[in-house]
Amino acid sequence: MAKLPTPQELIATRPPFPKAHWLDVKPEFAPGCFCYPAKKETMELLHMPNPHEWDPAADDWGLPENWEQVLCDAFAERLEKHRSLKLFMDICVRCGACADKCHFFLGTNDPKNMPVLRAELLRSLYRRDHTMLGKILGKAVGARSWDKSVVKELFYYAYQCTECRRCSLFCPYGIDTAEITMIVRELLHEVGLGTHWIMDPVKNCSFTGNHLGIQPHSFVEIVEMLADDCETVTGIRPKTPFNKKNAEILFITPSGDVFADPGIYTFMGYLLLFHELDLDYTLSTYASEGGNFGSFTSFNMAKKLNAKMYAEAERLNVKWILGGECGHMWRVINQYMDTYNGPAPANMIPPVSPVTGTPFANAASTKMVHIAEFTADLIYHNKLKLDPGRNDHIITTFHDSCNPSRGMGLLDEPRYVLKAVCNNFVEMPENTIREQTFCCGAGSGLNTEEIMELRMRAGMPRGNALRHVQQQFGVNHMACICAIDRATLPPLANYWAPGVTVSGLHELVANALVMTGEQKRTMDLRQEDLPGVDEDEADGREGGE
Amino acid sequence: MNLLEYFRNDKEDILRLWTGAVYAASPFETKGLLRTVTDPFGNPGADMIREAAGALYDAVAGEETTAADVKSAMERFVKLRAVQQGTPSQALGVFYLLKPVMRERLLPHCSTPDDVNDYLTAESRLDSLALLAFDMYMAARETLAESRVKEIRNQHAQITRWARAFRGGSFIAG
Ligand code: SF4
Ligand code: SF4
């Protein structure tokens, strides 16, 4: 008789009751599970430690000879520097409240993707060298030694955490696994392990200002093209002020909004809004990247890339900085900027809206205002003429990007704006939004195409909630305020809820914005026909005040 | 009782056994959470199994249903299997785990040749549904492949437009 495996044998990825302890089951580096490694020359240019060629799928990762010493020393140094890290290592009681709160765990069923066990990967090493019991009792109290497979495991799971902080919301002690992941990534960099998708943008940002390394003159040309497109849609060519000294406001946004679809439509939205307000502002070719890819690398790299903002604010002698729709850019500004590079240059003052006179007291220290707050304030004071009817063909929901929502509490302002510019707004289920929002599955430098299937399983809880409102309420659009989301959510929506489009908030604002002297709007910023608007009807809508 | 009635009577039990067998393929440490957390958004994976299992079972039993309805109930589950780590046979083999459970719980009730015939027809329906799932699995993998290509294009979309305009000479460099 033919000897074939039974279905049970076929589907068992591992025996139902593994003989091995969970800590001893090692990850398999199959294609699609890991990001491509950073190039040696990139790491050299950035003066990163131990640059070398390596392949995550290979047995030997080419670690430096003294790798264990390097890692132990680096870990000890971080424990000394970050009191929080030491606390996080010490106080977890293994209550399990965080266990099922991570989207990676929900999508993969991999125990090491439970935040508590993700942290335990490092904690077990901590126990051996930094706790009395661990030193004496070793394995009996969950301590373990470094070996090369442990390094691989740390890499595997540090890049299956999007540093979204959802788990910390549920931890009674506030243990922030995201910060543990950040430290693990830092440690790995000490032995030359980084990923291409993160380090290439870090290099480009370091040398040319933006993540794709577009030269200043080309950057200006690309923005000019977007202004041309604005004119095609509205009949008005918005100003594109660059490097203007003594402007009141410096505007900084992620460069993804200048280069990528559909982010560019959000950028066009900014240009049109600022033009309509006749804002005294400037863009910069030096600080042409709001996103901080350094924050996925190490605290020092984040600090270095962040420094550009204040340096440019000082050089251009602006009063304050307005920041575009971005996620990690705001996490860095809100959580770290003051310590990294503060205080702000002396020429800067606490921001006040030039249109409404509202002082942004929350930004008194950093001198940086989020555009959702800025626009919400405009709408609240009735300073914008809006025709939300132009967005009537969409039924939109709102994705709370992890960083602005959990990282800085920006929950109501974007909703306030969205509801003012769209008549049809539906929330996703309560435990998937606001502070409890589910990550897009590809933040913190994971939105690279080689791990698309990993991203789809990690983004499953978000995709699932989106699909729910699509089926229940006919939702066909999802707005967000993060440039990485604008890149990661379209494939996620296309997989889990096909038919839902994704855009930034200010794309919708500009679509609804009735501008002074504009031509009849027959299309939206994507140059797609506005349904139900024929040329004659549009006449009635023409013009502002 | 005819076979359909046995199917209806034993539905809860059989589905519990089947989903248990599906969970058994997951690592031991995670099974408790998968089984016990019932919030459809807090534990979406389990909700997907639940939805798929119910519809699949009814279709196998011979209840009134359409291929489109069963497909839509199985879709989320199949899509999840399509992006979880493992081979295609691991992803879709779970459907065949229903067979041994059915044989254990339902086949003994089949005493006449007609009953056995009905039973075999039910198993054949399961085979057809697994084939439907295979179509969905492949469509999901196609979507993934397309997404990869599209994403690379989107990342540089505006730069490509700029380069074209620039090279075409219709754009004057500033
Ligand atoms: S920070 Fe987010 S991705 Fe990382 S372990 Fe916590 S929930 Fe998971
Ligand atoms: S919720 Fe906090 S204390 Fe409880 S297991 Fe998770 S990290 Fe540890």
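**Chain B and the domains of chain A**

Of the 174 residues in chain B, 48% are buried, where buried stands for under 20% relative accessible area. The model is a predicted one, and the values reported here are computed from it.

The secondary structure of chain B consists of 9 helices, with 0 strands. Read from the N terminus, the order of elements is therefore α-α-α-α-α-α-α-α-α. The radius of gyration of chain B is 23 Å, whereas the globule rule gives 16 Å for 174 residues; the value for the chain is well over that figure, so chain B is more spread out than a compact globule. Along the principal axes, the C-alpha atoms of chain B fill a box of roughly 85 × 35 × 25 Å.

Chain B carries 21 positive and 23 negative side chains. The centres of these two sets lie 12 Å apart.

For chain A, the domain assignment gives domain 1 (26-194), domain 2 (200-380) and domain 3 (388-541). The centres of domain 1 of chain A and domain 2 of chain A, taken over C-alpha atoms, are separated by 33 Å. Domain 1 of chain A contributes 16 residues to the contact between them, and domain 2 of chain A contributes 16 residues.

Technical notes. Residues are numbered from 1 along each chain as its sequence is written. Chains are lettered from A and ligands numbered from 1 in the order in which they are written. This is a predicted model: local features need pLDDT of at least 70, side-chain atom pairs count only at pLDDT 80 or more; totals for chains, interfaces and linings use all residues. Side-chain values use heavy atoms; hydrogens and water are left out. Helices (H or I, at least four residues) and strands (E, at least two) are DSSP runs, numbered from the N terminus. The radius of gyration is taken over C-alpha atoms; the globule rule is 2.2 Å times the number of residues to the power 0.38. Buried means under 20% relative accessible area, exposed over 50%, partly exposed in between (1.4 Å probe, protein chains only). Lys and Arg count as positive and Asp and Glu as negative; His and the chain ends are not counted. The place of a charge is taken as NZ of Lys, CZ of Arg, CG of Asp or CD of Glu. Domain bounds come from an automatic or database domain assignment. Contact means heavy atoms within 4.5 Å.
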